[in-house]
Amino acid sequence: MTDTEIKSWLLEVVHPAKGSQNIVQLGMVEAISVDGNRVTVTLAFPKRRDPLTEYLVGATRATIIRNAPKGTEVEVKTIVKDETPKKKPGLDLGMEEINNVRHIIGIASGKGGVGKSTVAVNLAVALARLGYKVGLADADVYGPSVPLMTGTENEVPAAEQTGEDKEVILPVEKYGVKWMSIGYFAEPGQALIWRGPMACNALKQMILQVRWGVLDFLLIDMPPGTGDIHISLVNDIPMEGALIVTTPQDVALSDVEKGVNMFRNENINRKIFGLVENMAWFTPEELPENKYYIFGKDGGRKMAEKFGIPLLGQIPIVQSIRESGDSGEPAALSTRPDALAFIDLARSLAQAAERE
Ligand code: ADP
């Protein structure tokens, strides 16, 4: 592995806000050093607070790991050119872009695959249908699914200069909702490799450096699970509270418990607006009145009672919910009964939030 070889790999790393120019062309690759199986790359940014810093660090790292021999350790450092070295390192993001958001609500789940993103996207669309101003930040760094579920995967959000060394990202608007996702900045099929602190910073940028404007609700589709990244996210973003999404099975109880405990932990201490029971029953498309409780009945209600939180909504398993997710037209846009389940959930959440 030589410097020149590594530099040639980095031609693949394109800066999404600079046309199709890559980081080598843009003169951002300040230094490359190879020491045994350890590669260190230093990227230079022309200004502090480039909204894509964390994305480019992640993409650089992923590109080297993809091309380098197995076992290579990669470190990507960043420097800011033309900046006085006295400035303290790290992200210093202000709260000005979310100052006009009334309710910031996390959509969480104890584990993946329960339909958290499906609920988040449809809830956002349903709140917009009720007349609220809504934004959704897809903070699921490990599997951002909002671009696909909303049919916006080909969008590249624009950046706007707002000060000498400051830029904000403009959200993508569709179905009356403002959407933002780390997925907009990744090449299709390119898995980004995030490590703890880097993932946290990327998430913070995707929320705090976005021109949300005036909103009634900003939903945050959180990564599944309950780890350090969640604690950091809730601590750094002034989230008012959370919705926990679950499926009705008994085995889901301990995942819900972990989620509840996380938000009730004394260092986090956020309100839990309620539980959403997804896949509560199965309804065949052609027999909309029929309900088959294939995962058992009342699972969600029992969990909500056990933890003393409201059951805010029950969403059936309906083939069209999955199909509409895959086709980029959320089910909540339609007039079918499954859309009404999301509208009911939106109404209950809005009531709970406005009661505060
Ligand atoms: P998570 O965000 O919890 O990982 P997703 O929202 O990505 O889960 O959903 C996982 C899969 O299940 C997706 O294919 C989605 O379309 C499907 N799905 C989720 N909820 C429902 C539902 N109520 N009815 C039918 N399919 C659903």
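A polar contact is a pair of N or O atoms within 3.5 Å; within protein, one must be able to donate a hydrogen and the other to accept it, and residues adjacent in sequence count only if both atoms are side-chain atoms. The model is predicted, with local features needing pLDDT of at least 70 and side-chain atom pairs pLDDT 80 or more, while totals for chains, interfaces and linings use all residues. Residues are numbered from 1 along each chain as its sequence is written, and side-chain values use heavy atoms, without hydrogens and water.

View 1. A ligand oxygen lies 2.6 Å from a side-chain N or O atom of threonine 118. A nitrogen atom of the ligand is 2.9 Å from a polar side-chain atom of asparagine 278. The protein buries 80% of the 570 Å² that the ligand exposes when taken alone (Shrake-Rupley method, 1.4 Å probe).

**View 2. The shell around the ligand.** The shell residues comprise eight nonpolar, six polar and two charged; Ala, Val, Leu, Ile, Met, Phe, Trp, Tyr, Cys and Pro count as nonpolar, Asp, Glu, Lys and Arg as charged, and the others, Gly among them, as polar. Of the 16 residues around the ligand (a heavy atom within 4 Å), Gly113, Lys116, Ser117, Thr118 and Pro316 come nearest.

**View 3. The open sheet.** Three strands (DSSP runs of E, at least two residues) form a mixed open sheet, ordered β1-β2-β3; strands pair if DSSP finds at least two bridges between them. Six bridges join β1 to the antiparallel β2 (38-45), and serine 33 has threonine 40 in β2 as bridge partner.

Definitions and conventions. Helix = DSSP H or I, 4+ residues; strand = E, 2+ residues; numbered from the N terminus.
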